Amino acid sequence: MRYLPLTDTDRSDMLATIGAASIDDLFVDVPAVAQLDGPIRDLPMHASEMAVERHMKALASKNLAAGDAPFFLGAGAYRHHVPATVDTVIQRGEFLTAYTPYQPEIAQGTLQMLFEFQTQVARLYGCAVANASLYDGSTACWEAVAMANRVTKRKRAVLSGALHPHYAQVVRTMAHFTGDTIADAQPAIQTEPDLDGLVSRIDDETACVVVQYPDILGRVSDLSVVAEAAHAKGALLIVVNTEPVALGAITSPGEMGADIVVGEGQSIGVGLQFGGPYLGLFAVRDPKHVRQMPGRLCGETVDAEGKRGFVLTLSTREQHIRREKATSNICTNSGLCALAFSVHMTLLGEKGLRELAAENHRLACLAADRLVKVPGVKLLNNAFFNEFTLMLEGKPAREIVRDLADRGVLGGVSLGRLYPGVEALEHALLVAVTETTTEDDIETLATELERSVKEAV
């Protein structure tokens, strides 16, 4: 019973010290109606450690793990190969224990890593400056909206209908407390994003336009027209990227005029990890906006002896001085995940990232070409990177995903699940393909999808 070390004597001594007659006296402020009068209904009584382990293993065996089946899930979290070197480096004591540089004078290694991480993100996004990371892509998206409000002195954000719905929901939730106006929309089910419709919603009160690239349906388009329209109205363009590997093949958002680029860095160096912890990326194109950025920013300098060194140049921990004038309440960063990203990116280099992106796209094209041969299956996209949308006949895509899982194939994400109640998306299936996908996996998906669609028609 190593997790319950207290004896009756220990308890009695503690109760006597605080002047309580019994443990029940500690709960006198809890109304009797809210107190349990016995064991929790339907919850088993305590068991031995071995029995609990046995039970949990039995439950875990019911799961279909990503590495045990053909895997085509995406929609913001992607299965990529992470080299063993990444884990080896991030588990070194110097990094694992110096998690956050609260004392930068003794955490030079951590600060240097974050400086290099910032450089990698800035180059990836086509921006001038990146911060030392945020918690994840969705909260980074909100931080970008809040930053745009500070820069423009406006409080209206226009969201693309093709922005990931979870990201949009985070923005709406936060805006509820800040009084911001959020103009959002549903995704247009067509081969190309409705950029004209997005542009038409920009007015003189708009602080920012938020668009995803590639978008939630996997579509890739030139965002320069949106940037021009936003800038003409004095608004900023915020581009969200959930698949950073794509930027090894397609034009960076900064090159297309994005003012703020944010996204999820999980694809590089960070495993799926049951949904987290992940890694928020944040960068700005114009250096003049750097003081409005949330989070931390590490910089390079020289010490009194002229030696190269690294410092925490800017930090939202200014909140302890500036309080309500602080740029954000985010006062730390995803240190280990940022390190994993940086190690993986360093191993790849620019050439390796481009080759990885090319392989992702090649396999995705192979999958799309094979899957559209399945009767009752149509490809929505004209252009995509490693993720695309299929329109299915017969049963809703959500039911077909369940059929595929029952047959040992993790066949994609039903857009009907992401957009409940949106009838046009009930038959849409989002399929993601990465370098971990084999040609046999693609053939297996095609075979099982054909069977499921045929049964549904």
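**Entry 1: the largest pocket**

I began with the lining of the largest pocket, to which helix H12 gives the most, with five residues. I am working on a predicted model, in which local features need pLDDT of at least 70, side-chain atom pairs count only at pLDDT 80 or more, and totals for chains, interfaces and linings use all residues. Residues are numbered from 1 along each chain as its sequence is written, and side-chain values use heavy atoms, with hydrogens and water left out. Helices (H or I, at least four residues) and strands (E, at least two) are DSSP runs numbered from the N terminus.

I noted about 1300 Å³ of space in this pocket, the volume being the space filled by probe spheres set on grid points joined across faces, edges and corners. A pocket here is an open set of points on a 1 Å grid over the protein atoms alone, where a 1.4 Å probe fits, with protein on both sides within 12 Å along at least five of seven lines; lining residues have an atom within 4 Å of a point. I found 45 lining residues, of which Phe 71, Leu 73, Ala 77, Leu 272 and Arg 417 lie nearest the centre. H6, H7 (165-178), H12 (397-406), S12 and H13 (415-418) each supply at least two residues of the lining.

**Entry 2: Ser 138**

I then looked up Ser 138, which sits in helix H6 (residues 137-152) and is buried at a relative accessible area of 13%, where buried means under 20% (1.4 Å probe, protein chains only). Its side chain makes a polar contact of 3.1 Å with that of Asp 136; such a contact is a pair of N or O atoms within 3.5 Å, one able to donate a hydrogen and the other to accept it, and residues adjacent in sequence count only if both atoms are side-chain atoms. Leaving aside residues up to four places away in sequence, Ser 138 touches Tyr 167 and Val 170, contact meaning heavy atoms within 4.5 Å.

**Entry 3: strand S7**

For strand S7 (residues 280-284), I recorded that five of its five residues are buried, with Gly 280, Phe 282 and Val 284 on one side and Leu 281 and Ala 283 on the other. Two strands pair if DSSP finds at least two bridges between them. Five bridges join S7 to the antiparallel strand S6 (residues 260-264), where Glu 264 has Gly 280 as its bridge partner. Two bridges join S7 to strand S1 (residues 129-130), also antiparallel, and there Ala 130 is partnered with Ala 283.

Methods. Buried means under 20% relative accessible area, exposed over 50%, partly exposed in between (1.4 Å probe, protein chains only).
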